[in-house]
Amino acid sequence: MATPKLDCSDLDNFIGKPMQPARMVEPVANTDIRRWAQAMHYPNRLHYDSAFAMEGRHGQLVAPQSFPVTMDDGHGSAPSCIGHIPNSHMLFGGDEWWFYGPRIVSGDRIWNERIPYDYVVKDTSFAGPTCFQRGDNFYYNQDGDLIAKQRSTSIRYNQEAGEASQSDTTEGHEDPVWSDDDLEELETRKFEWIKMLHDLGHSARYWDDVVTGTALPERVFGPHSIVSFTTEWRAYTFTQWGGAHRRTDLDMEELGFVGPMAGPEQDPTEERINPENTDGAYIGPSRGHLFPRWARYIGMPRGYGYGASMGAWITDYFAGWASEWGLVRHSVANYRSPALTGDITIMTGNILDKYVDDDGRHMVAVDCAMKNQLGATLATAKAEIELLKKPE
């Protein structure tokens with residue numbers, strides 16, 4: 001079989017040029033924040049328990065640092081998935097984040113400036129010639145404060161090559177089976193990380209107490225399912241009918257998506273006529289996450305999770321450890337394989353270094369590995385976290 005070609009020539013017309021925005025219709029509400037924390041499996045009371053949050057540093061419910069990505073109509077991937085690549089599909093490849101300090105609270109209006117950054121084509125075992133395209137997102141609040149910058153990577157490849165990887169095999173099509181004893185043990189493991197959050201309470205994790213070379217607490221969640229992935233999808237504000245001022249320049253066929261994966265997802269005209277055709281859960285490229293048939297169509301063995309959610313899990317893992325007085329300043333994550341239905345996700349990390357940066361901030365360098373129950377790596381990440389110094 002001849003290796004499919006990948007024509008990326010149209011991408012040069014978009015690099016470095018700001019894109020049309022897609023802003024949310026209403027301000028952020030506490031319900032949006034709670035829904036996000038719940039969907040991301042992040043039981044930090046700062047983000048859902050108003051009474052607890054009022055007693056803490058911020059004096060009110062505050063959004064997780066991972067929250068800005070829900071203020072975008074494409075998980076931050078819009079500027080990294082622009083330009084026509086014929087007969088193609090895409091997966092998330094990674095995210096780099098910079099956080100500047102302002103936190104998101106109820107009543108904020110968040111808008112995103114999006115600029116395509118660059119791309120490169122490489123050969124991969126998965127799909128042959130593959131385009132790794134990057135784009136920048138700048139998230140601002142209503143006061144013009146820059147909250148975060150996200151540099152997203154999309155992996156764009158020939159759809160036929162992806163489908164061919166699943167056409168002659170049924171390997172991985174069935175969910176693993178967990179016994180009742182397995183699930184009970186899993187709940188015990190899950191609670192260890194949750195207990196860390198409770199033990200911290202409103203206290204600070206001080207830079208002085210951090211020891212280089214020690215491990216971060218293990219975080220476990222799952223088993224993932226179509227239900228849990230659907231819960232994640234619905235927590236992204238743009239997936240709500242009428243929740244966003246839709247772009248008028250988004251056309252899945254123009255991006256190169258093919259056949260049944262090129263439905264009218266997020267089309268503003270069709271949303272007014274039949275919104276089920278446009279919200280991504282049922283028709284269009286996003287349905288590959290929730291329907292095993294369409295997952296295999298684009299090269300996945302069964303239902304699979306969202307790259308942006310994996311990025312949120314990583315940010316929340318670091319931020320939860322840092323306490324409400326800490327701040328993830330920078331992180332970079334590479335996504336190697338999505339979470340699949342039936343699998344669990346296991347996160348571990350290490351403290352690599354501690355130092356005072358050029359701005360006088362007390363910083364800790366950490367890493368993270370995200371794996372499933374078989375030991376397969378789903379993602380890797382590194383981050384720099386600012387912590388409080390103990391008062392003299």
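Predicted model: local features only at pLDDT ≥ 70, side-chain atom pairs only at ≥ 80, totals over all residues.

Guide: Residues are numbered from 1 along each chain as its sequence is written, and side-chain values use heavy atoms, with hydrogens and water left out.

Visitor: Are the rings of Trp233 and Tyr306 stacked or edge-to-face?

Guide: Rings of Phe, Tyr and Trp (its six-membered ring) pair if their centres lie within 6.5 Å; planes under 30 degrees apart count as stacked, over 60 as edge-to-face and the rest as tilted. The centres of Trp233 and Tyr306 are 5.4 Å apart and the planes are at 20 degrees, so the pair is stacked.

Visitor: How many residues apart in sequence are the parts that this pair ties together?

Guide: Helices (H or I, at least four residues) are DSSP runs, numbered from the N terminus. Trp233 lies in helix α5 (residues 226-235) and Tyr306 in the loop between α8 (292-297) and α9 (307-322), so the parts tied together are apart in sequence by 73 residues.

Visitor: How many residues of α9 are buried?

Guide: Buried means under 20% relative accessible area (1.4 Å probe, protein chains only). The helix α9 is largely enclosed by the rest of the structure, because the buried residues number 16 of the 16.

Visitor: Which residue follows α9?

Guide: The residue after α9 has a positive phi, near 80 degrees. That residue is Ser323.

Definitions and conventions: Helix = DSSP H or I, 4+ residues; strand = E, 2+ residues; numbered from the N terminus. Buried < 20%, exposed > 50% of the residue type's maximum accessible area, 1.4 Å probe, protein only.
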